[in-house]
Each structure stands twice: as structure tokens, then as C-alpha cells.
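Student: I would like to go through the labels attached to this model and see what each one rests on. Can we take them one at a time?

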Amino acid sequence: MEKLEGRIRNHDREIEKMCNHHFQGFVDSITELLKVRGEAQKLKGQVTETNQNLQNDGKGLLTSMDELRQCRLQQRNIATTIDKLTHCLPVLEMYTKLQEQMRTKRYYPALRTLEQLEESCLPQAGSYRFCTIMAENIPRLRTHIRDVSMSDLKDFLESIRKHSDKIGETAMKQAQVQIARDNAVTSQQRSASGRRIRKEARSGTEVDRTESNPFTEQDSGILDVEYEEEGEIPGAQDLVDFSPVYRCLHIYTVLGARDTFENYYRKQRRKQARLVLQPHSNMHETLEGYRRYFNQIVGFFVVEDHILHTTQGLVNRAYVEELWELALSKTIAALRTHSSYCTDPDLILDLKNLIVLFADTLQGYGFPVNQLFDMLLEMRDQYGEILLKKWNQSFRQILDQDNYSPIPVTSSEEYQRIAGQFPFQDPELDKMPFPKKLPFSEFVPKVYSQIKEFIYACLKYSEDLHLSSTEIDDMIRKSTNLLLTRTLSHCLQYAIKKKNVGLAELVQIIVNTTHLEQSCHYLEGFISNITNVPPDTINATKLYGTSTFKDARHAAEEEIYTNLNQKIDQFLQLADYDWTAVQGGGQASDYLSDLIAFLCSTFAVFTHLPGNSIEHATLPGKVAQTACMSACKHLSTSLLQLLLEADVRQVSMGALQQFNVDVKECERFARAGPVPGFQGDTLLLAFIDLRQVSLCFFPLLFLFFHSSFPFLLFSPVYPSTSPSLLSLIFPFTVKPNPLNLHASLSFV
């Protein structure tokens with residue numbers, strides 16, 4: 001401070017010196033300054049005035065400048081805002097777009113928008129609050145999109161599960177229409193080829209190969225018109241909206257969870273496959289049950305095939321083939337089980353056609369169906385058994401309703417009608433005037449027609465099974481053989497063996513089976529015509545109808561013989577001989593007279609049998625001869641047994657006389673020739689045993705039993721029987737030595 005004060009004093013002294021040195025100048029300066037002050041005052045006034053004027057004039061400018069500054073500030077702020085909005089508007093627009101996509105359920109584009117918003121727009125917009133909120137909402141939006149898309153997928157799976165039968169029905173209709181068109185084109189081409197060949201044959205000229213076929217062109221036009229008129233049948237893609245699957249697949253792909261989605265989809269579809277493949281318990285009752293079952297299966301695999309070809313890897317060929325193998329095994333097992341309950345051949349045939357359509361439909365989508373056709377071949381045996389049961393009822397009904405009488409024909413129209421049903425040819429009968437009678441009864445044309453209907457039924461089943469003509473022919477022949485050898489044979493046996501069947505009916509059965517046997521080669525030709533396989537083909541199955549009808553005829557013949565013998569036994573039960581009678585009657589016994597009258601009327605039926613000229617068969621006349629011989633032998637044996645009954649202990653000469661009269665009545669019947677065709681006394685030989693026994697009872701002829709007699713007049717009398725017979729009359733004569741008698745008879 002002291003130095004400062006000292007320095008101040010120094011400066012003050014210098015100033016003082018300076019002032020003293022320049023005082024005059026100072027005074028002058030003051031004077032001038034005073035002058036200047038006046039001028040300055042004047043100038044000040046002018047400046048003040050000028051300043052006032054300037055202030056007044058600059059006030060508006062300042063206002064404008066301030067406004068300009070504000071404008072420049074606002075402009076700068078606006079530019080900054082625009083720049084910021086330029087970066088934020090895409091975010092807002094993108095978010096608005098996202099909200100719109102979410103509202104319209106366009107989740108896959110929304111997911112793409114989210115990705116673009118997160119990766120490009122938000123980083124460029126800056127760290128604003130709304131950007132932070134948006135960034136925080138992005139994961140929640142992704143989760144929401146994933147959940148919503150999965151919900152849509154579940155709805156889709158539920159929808160196709162409910163509507164798979166409609167999808168399958170549409171697909172099967174498409175296949176049916178396509179098959180019908182293919183068959184129509186094939187038949188038209190064959191017809192066109194046949195017409196062209198016939199035209200060439202008539203004209204004898206060669207058709208120019210370069211010219212188009214007008215018939216084919218015309219047919220093509222017809223097909224096009226029909227195609228346009230029929231209208232399109234919608235496909236699976238037209239009936240089902242597959243967008244939920246595609247959308248969900250894309251969403252999960254973008255989210256990096258494609259494997260999760262694929263596993264979920266396949267798992268759910270496997271569950272649905274098991275539900276679809278589970279048949280209803282009453283499916284076998286109606287064809288509609290089978291159709292609904294097939295429609296669901298077809299619908300399921302049509303959807304899977306569409307998914308396979310329109311997505312990349314969601315399902316692959318191995319997965320679809322695995323499902324098809326599962327479906328094939330379960331379907332075949334279900335069909336085998338439920339078809340086994342079926343007893344209606346028409347339902348089996350409709351089911352077969354439905355299975356063929358089912359197989360053709362899936363084969364059109366590339367699925368192997370050989371096992372289905374193999375199962376149809378297995379069902380063929382079941383179908384054949386059901387047909388046999390049905391035809392068994394038909395045959396029995398025909399046999400029960402038949403009157404077993406020759407068919408009366410009163411007009412040529414009626415004759416032609418029957419000839420159209422049964423291949424009958426008889427030139428001699430054709431020459432006879434109307435009315436006339438055919439040799440067979442109604443059951444012959446009816447049975448023949450039923451056999452043809454059976455063949456047609458077998459042919460219907462073999463259609464569309466991709467079998468060769470030879471295989472079809474072999475199948476039909478084997479089934480027809482079963483019909484003849486088992487069903488028809490049993491029915492004929494039933495008709496022959498049933499109670500109260502008369503001899504006339506049995507005779508008519510013989511005639512009927514003879515004509516049916518003769519018609520077997522017509523059945524051979526009929527089968528060959530419908531299968532286009534010549535009957536002389538190597539390894540071709542032959543029909544066993546000849547043996548069937550022969551066996552039936554032989555059974556009828558045996559039944560005739562048996563019935564005749566039973567009738568004879570019934571008459572013999574009425575025999576009431578008095579073995580102790582003193583005097584015999586002069587007439588045959590009443591029971592024997594009635595029996596012979598019955599035999600005469602019975603053999604008259606045989607005598608008037610028509611068709612004695614049938615070849616390769618036992619003639620009805622031969623049957624009558626055999627029946628007559630059998631009846632006579634049985635009568636002779638039965639009469640002899642009357643003498644050998646245990647309760648007959650002795651026989652009087654009167655009883656022997658009556659017995660001898662009855663034997664003569666039998667011989668008279670044999671000599672009368674009840675059945676023509678016997679040579680000489682052939683029929684009389686049936687009673688030779690009885691006659692010899694009758695003669696040996698008379699005492700005058702007993703000498704013929706002596707061992708020294710040179711002629712064997714009584715050779716038919718058995719040595720073991722003679723002692724018993726002779727012992728019956730010895731109480732009335734002389735009792736012989738049984739040992740000597742037995743020795744004599746043994747020698748004889």
C-alpha cells in the first residue's frame with residue numbers, strides 16, 4: 001500500500017508538472033472546449049433529435065427484427081421437428097400399419113412389420129418415450145400373434161375334422177366322374193374303331209391315315225359340351241381355406257419355432273387320423289355308414305396330400321406314407337369285421353363298388369391300394385357264401401311251390417317264353433299242335449334262370465377289380481360249381497327226402513334233373529359268352545352240373561324204391577293169416593289185392609312218363625323196370641318173412657293153401673307185365689324163391705328133398721331155412737329126423 005501511495009504521489013507530481021507546463025495550452029483548450037461545448041450542446045441536441053428520430057424510426061425495425069428472430073427460431077425448431085418427425089413418422093406409420101394388420105388378422109404381415117419396426121425404424125427414430133413403449137410391446141405382440149395363429153390353426157383342425165366327410169365325398173365324386181368319362185371315351189374309341197373297320201370292309205378301300213377321324217372329333221365336342229353343362233365339382237382347395245395353416249407355418253418359421261409347429265401339427269393330425277379310422281359300431285347296418293366312413297378317410301388324406309404339395313416340409317412323403325399304412329391296416333381290419341356281419345348280397349355288392357371307388361380315389365392321389373383289392377378278393381368268398389344262402393332260399397321256395405307236373409302250353413307265345421327261359425329242344429314236341437305239355441315242371445326253367453342270375457351276380461362282383469377275363473371266368477365257374485354241388489344239390493336232396501313226397505313227384509324230379517343235366521353245356525356257353533373266355537381254354541374249370549343232377553336223380557330213384565318198399569310194408573302190416581286154418585280160401589287176401597292194385601296204378605305213372613328218348617341218362621322206363629323188380633323182390637322177401645316170424649309156431653295145410661293162392665296172385669301180377677320192357681318171365685323170377693318154398697310145403701313133393709333125387713328143382717330154397725319152414729308143418733304130418741333132413745338139404 002505504501003508503494004502504491006508513493007506511486008500515486010509520483011504520478012500526481014508528474015501531472016502537476018505536466019499541467020504547469022501546458023497550462024496555457026490547457027486554458028486554450030478549455031476555451032476551445034467551451035466553444036466545443038456549445039457546439040457539442042447543439043450537436044447533442046441534433047444527436048438527441050436524430051436519436052429520437054432514429055429511435056422512432058428503428059422501433060418498427062426492432063419489432064420486425066424481433067419477429068424475424070422469432071421466425072428464424074421457429075424455422076429452426078420446425079426444421080429440427082421435421083427432421084425428427086421424418087425419423088418418427090415411419091415408426092408411427094409402421095405401428096399404425098401393424099395395428100391395422102392385427103385388426104384384420106393378417107398376422108404374418110404383422111410379424112414382418114414388427115421385424116422391420118424393431119430392426120430399422122425404431123433405431124432411427126431415437127430414444128423417445130413412445131419408441132420405448134413400442135419396443136416394450138413388441139415381444140408381447142409376437143406372443144399374441146403366435147397364440148392367435150395357433151388358435152386359428154386349432155379352429156382349422158377342428159373344422160377339417162368336422163368337414164372331412166364333405167371333402168371326401170367331393171373327392172370321390174370327382175373320381176367317379178373322371179372314371180365315367182374315361183370309360184365313355186374308351187367305349188367311344190372302341191365304337192369308332194369298330195365302325196371304321198366295318199366301313200372299310202364295306203367300301204373295300206383303305207382309309208387315308210393322314211385324315212382325322214370325324215367320329216372322334218364329334219365325340220370330343222359332345223364330351224366338351226357335357227363337361228361344360230355338368231359344371232365343375234369343387235376341389236379340396238375350394239372347400240377348405242388352408243390359409244390358417246400357411247399363416248401359422250410362416251409365423252412359426254419367422255419366430256424360429258418351425259419344428260415346434262411341425263411336431264404339433266403332425267401330433268394333432270395323428271390323433272385325428274385315429275378318430276377318423278375308428279368306425280361306428282353300427283356301420284355294417286347300412287351302406288351310408290360305410291360311405292360316411294370312407295368319406296372321412298378320403299377327406300383326411302386329400303387334406304394331407306394338399307398340405308404335402310403346397311407346403312415345404314410341414315409334412316413329408318414318409319410321414320404321409322406312415323399315416324396311410326396305419327389307415328390301410330385299420331380300414332381293412334374294420335371292413336373285415338363289419339362286413340362279416342352282413343347277410344345281404346346287395347349290400348355286399350354295393351360295399352364292393354364303394355370300396356373300389358374309395359381305392360380308385362386314393363390311388364388318384366398316389367396312395368398304394370393293392371391291399372384293398374386283395375381284401376376285395378377275400379370278400380368275394382364271403383359274397384359267394386351269402387349268395388349261396390340266398391339262392392338256397394330261392395331254390396327251396398321254387399321247389400316248395402312247384403306242382404311237379406308237366407307244364408301245359410296253350411300258345412306259341414307261351415312256348416317261346418318258356419324256351420327263352422330254358423334251352424329246350426324237342427323236334428317231335430314242336431310238331432305237336434297246341435295245347436301240349438312240356439315234359440318238365442315249372443321248377444326247371446325257374447332253377448335254370450336262377451342259376452343264370454347267380455352267374456350274373458358273381459360277374460357283377462368281379463367288375464372293376466382289375467382281374468383278367470380268365471380270372472373272372474375261373475371265379476364264376478368255381479362259384480357256380482359250389483352252387484350246383486352244394487346248394488342246389490342239398491335243395492334237391494331236401495325235396496327228395498322231405499315227408500309226404502309222392503311217387504309222382506319223385507318221378508317228375510327225375511325228369512326235371514334229366515333236363516337240367518342236359519342243359520349244363522348251355523351254362524358253359526353262357527359263362528364263356530359273358531367272360532369272353534372260350535370253354536376249351538387250357539386249365540379252364542369245368543362245371544360239375546352233370547354229376548350233381550345225376551346224384552340227385554339217383555337219390556330220387558332210391559327214394560322211389562324205398563317209398564315203394566315202405567308202401568308194401570304198410571300193406572303187409574294188414575296181412576292177417578290164420579296159420580291154423582283147416583281150409584284155405586279160394587281168393588287172394590284182401591291186403592294183397594289192394595297192394596297189387598296200388599302197384600298197378602303206381603307203375604302206370606312210370607309207363608306214361610314223357611321223354612323216353614333222352615340220351616346220356618337213365619331212362620324213366622328203366623327206372624320203372626328197376627322199381628318194379630325191386631318192389632316184387634321186396635314183396636317176395638316180405639311174404640317169406642311172414643312164415644319165419646317168431647310167433648308162427650305151426651302152419652296148417654289150409655293156411656298153406658291160402659298162402660299159395662296169394663303167391664299165385666303175385667305171379668299173375670308179374671306175368672301181366674305192369675311195366676313194359678321185361679324180356680320173357682324176367683319179372684316172374686322175383687317170386688321164384690317164394691314159389692319154391694310154397695311147393696316144398698306139400699307132402700307129395702317132400703320126396704324131392706331126398707339126396708338121391710337127380711334134379712335140383714328146389715335150389716332156391718336155402719338149406720338153413722328149410723328145416724325151420726318144414727318144422728312148421730310137421731305137427732300136421734310126420735315129424736322127420738332133423739339131422740337126416742339137414743344133411744339132405746346140405747347136399748342139395
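**Labels and their grounds**

Tutor: We start with a helix pair: helix 16 (residues 469-497) packs against helix 18 (residues 520-531) at an angle of about 150°, and their axes are 10 Å apart. Keep in mind that this is a predicted model.

Student: Why are helix 16 and helix 18 called roughly antiparallel?

Tutor: The angle between them is about 150°. Angles over 145 degrees count as roughly antiparallel, and therefore helix 16 and helix 18 are roughly antiparallel to each other.

Student: Which residues make the contact?

Tutor: Helix 16 contributes Ser-469, Ile-472, Asp-473, Ile-476, Arg-477 and Thr-480, while helix 18 contributes Glu-524, Ile-527, Ser-528, Ile-530 and Thr-531. Sorted by class, that contact has four nonpolar, four polar and three charged residues. As for handedness, helix 16 passes helix 18 in a right-handed crossing.

Student: How do you know whether helix 10 and helix 12 are parallel or antiparallel?

Tutor: Helix 10 (residues 317-339) and helix 12 (residues 370-401) pack at an angle of about 10°, with 11 Å between their axes. Angles under 35 degrees count as roughly parallel, so helix 10 and helix 12 are roughly parallel to each other. On the side of helix 10 the contact is made by Glu-325, Leu-328, Ile-332, Leu-335, Arg-336 and Ser-339, and on the side of helix 12 by Gln-371, Leu-372, Met-375, Glu-378, Met-379 and Gln-382. These divide into six nonpolar, three polar and three charged residues.

Student: What makes up the lining of the second largest cavity?

Tutor: Its lining residues are Tyr-415, Ile-418, Ala-419, Phe-424, Leu-438 and Phe-440. Tyr, Ile, Ala, Phe and Leu count as nonpolar, and the class count for this lining is accordingly six nonpolar, no polar and no charged residues. The second largest cavity holds about 30 Å³ of space, and the count of cavities of 30 Å³ or more comes to two.

Student: Which peptide bond is cis, and where is its proline?

Tutor: The bond from Phe-434 to Pro-435 is cis, with omega near -5°. Pro-435 sits in the loop between helix 14 (427-431) and strand 2 (436-437).

Note on methods
Residues numbered from 1 in each chain as written. Predicted model: local features only at pLDDT ≥ 70, side-chain atom pairs only at ≥ 80, totals over all residues. Heavy atoms only, no water. Axes fitted to C-alpha atoms, helices over the stretch in contact; angles between N-to-C directions. Helix = DSSP H or I, 4+ residues; strand = E, 2+ residues; numbered from the N terminus. Parallel < 35°, antiparallel > 145°, perpendicular 65-115°, else oblique. Left-handed = near helix turned anticlockwise from the far one by under 90°. Contact = heavy atoms within 4.5 Å. 1 Å grid on protein atoms, 1.4 Å probe; cavity = no way out; pocket = protein on both sides within 12 Å on 5 of 7 lines; lining within 4 Å. Points joined across faces, edges and corners; volume = space filled by probe spheres on them.
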